[in-house]
Amino acid sequence: MTPTEKIWHNGRLIHWQDATIHVLSHVVSYGSAVFEGVRCYKTIDGPKVFRLQEHVRRMFDSAKIYRMDMSAFTRQQIADAMIELVQVNKMQSCYFRPIVLRGYGVIGVNGTANPTECYIACWEWGKYLGPEAVEQGVDVCVSSWNRMAPNTLPTLAKSAGNYNNSQLINMEAKINGYSEGIALDVNGLVSEGSGENIFVVRDGIVYTPALATSVLPGITRDSIVKIAKSLNLPVVETGIPRELLYVADEVFFTGTAAEVTPIRSIDRITVGSGKRGPITEKIQSKFFGIVEGSLPDEFGWLTAVPQTVAV
């Protein structure tokens, strides 16, 4: 990544290179952090942040699940900090990483006595799975690693610890020549990718795994459900058996980083015609049209960034 000038830390702006933590901070040993991924898009009307308030709310929800004390911050303060970062770093588009972590203090599994710290960084980040993937799609596999079983780790929280599982899924896929992996849940039903939600299209119906199948409640996932319904496409949230992936007409990933990325093969089995399908393309067109400003923001998802920094 290319460093930007400033990072937000606990209410003040610091230099990129000064955003450091002690090696014995609780988060290093125990993964005690929750975070978000948020995109700011370059539009014809200037930079705009996609679903800012929803991302902030999910981060506070994740912190609550892990009993992390957020009393030093407000949701509006975190949202305002991201707007400020776009301004001071003179960005037209960027990816944000807000992260709340348990810092330096007590050593031991229970980190509730440690200070809660919040950092927000932003930088330029292009297409997560490659610029060509948006049109051509990607080749993926079903991973040998399952998603976490219920009542082990809370998958509704976007926590750092959960992404150890994601790393295993992604590394296995890459080693075996795939772009990404798809994980099943403890019951063998389709869950999600290492960092993406998944949608399956068959006979004009758009299916996506239910939250009970150990999926993160993705902000982009929710956006695609709303877009599909606005296009009069039936959407079903349900349990999806693995074999439906192989006989689907279309399959695609969604996520803040992945946006809307078609899948052209799964386990070397071609999905549909082996290229982006018409429903995926229709959903993509509306999604990118909204976030890039060529279509009306009918859902009220974009937060404009004022072009001057308040003094």
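In this predicted model, Asn165 touches Asn146, Arg147 and Met148, when residues up to four places away in sequence are not counted. Asn165 is found in helix H5, which covers residues 162–175, and Asn165 counts as buried because its relative accessibility is 11%, which lies under the limit of 20%. A second residue in a helix is Ser29, whose place is in helix H1, residues 26–30. Ser29 is partly exposed, since its relative accessible area of 47% falls between the limits of 20% and 50%. The C-alpha atom of Ser29 is separated by 8.8 Å from that of Ile107, although these two residues are 78 residues apart along the chain.

The chain as a whole contains eight helices and 17 strands. Its radius of gyration is 20 Å, close to the 19 Å that the globule rule gives for 311 residues, and the chain is therefore as compact as a globular protein of that length. Along the principal axes, the C-alpha trace of the chain spans about 55 × 45 × 30 Å. Of the 311 residues in the chain, 52% are buried. Among the contacts in the chain with a separation of 6 or more, 70% are accounted for by residues 24 or more positions apart. The accessible surface of the chain comes to about 14,000 Å², and carbon and sulfur atoms account for 53% of this surface.

Strand S15, made up of residues 259–266, is mostly covered, with seven of its eight residues buried. S15 pairs with strand S14, residues 250–255, through five bridges, and these two strands run antiparallel. Within this pairing, Thr254 stands opposite Val260 in S15, and the two strands S14 and S15 form a hairpin that has three residues between them. S15 is also joined to strand S8, residues 138–142, by three bridges, and here the two strands run parallel; Val138 has Ile263 in S15 as its bridge partner. Strand S16, residues 269–270, likewise pairs with S15, in the antiparallel sense and over two bridges, with Ser265 standing opposite Thr270 in S16. S15 and S16 form a hairpin with two residues between them, and in this turn Asp267 has a positive phi of about 55°. As background to such pairings, the side chains in a regular strand alternate between the two faces of the sheet.

The buried residues of H8 are Ile279, Thr280, Ile283, Gln284, Lys286, Phe287, Phe288, Gly289, Ile290 and Val291. H8 is followed by Gly293, whose phi is positive, near 90°.

Charged side chains form a further part of the picture, since side chains of opposite charge can pair when their charged atoms come close. The structure holds 13 salt bridges. One of these is formed by Asp45 and Lys48, whose closest N and O atoms are 3.8 Å apart. In another salt bridge, the closest N and O atoms of Arg51 and Glu54 are 3.2 Å apart. Arg51 is buried, with a relative accessible area of 6%, while Glu54 counts as partly exposed at 29% relative accessibility. Through salt bridges that share partners, Arg51, Glu54, Asp222 and Lys226 are joined into one network.

Key:
Residues numbered from 1 in each chain as written. Predicted model: local features only at pLDDT ≥ 70, side-chain atom pairs only at ≥ 80, totals over all residues. Heavy atoms only, no water. Buried < 20%, exposed > 50% of the residue type's maximum accessible area, 1.4 Å probe, protein only. Helix = DSSP H or I, 4+ residues; strand = E, 2+ residues; numbered from the N terminus. Pairing = 2+ DSSP bridges. Rg over C-alpha atoms; globule rule 2.2 N^0.38 Å. Contact = heavy atoms within 4.5 Å. Areas by Shrake-Rupley, 256 points an atom, 1.4 Å probe, with all protein chains shown as cover. Salt bridge = Lys/Arg side-chain N within 4 Å of Asp/Glu carboxyl O.
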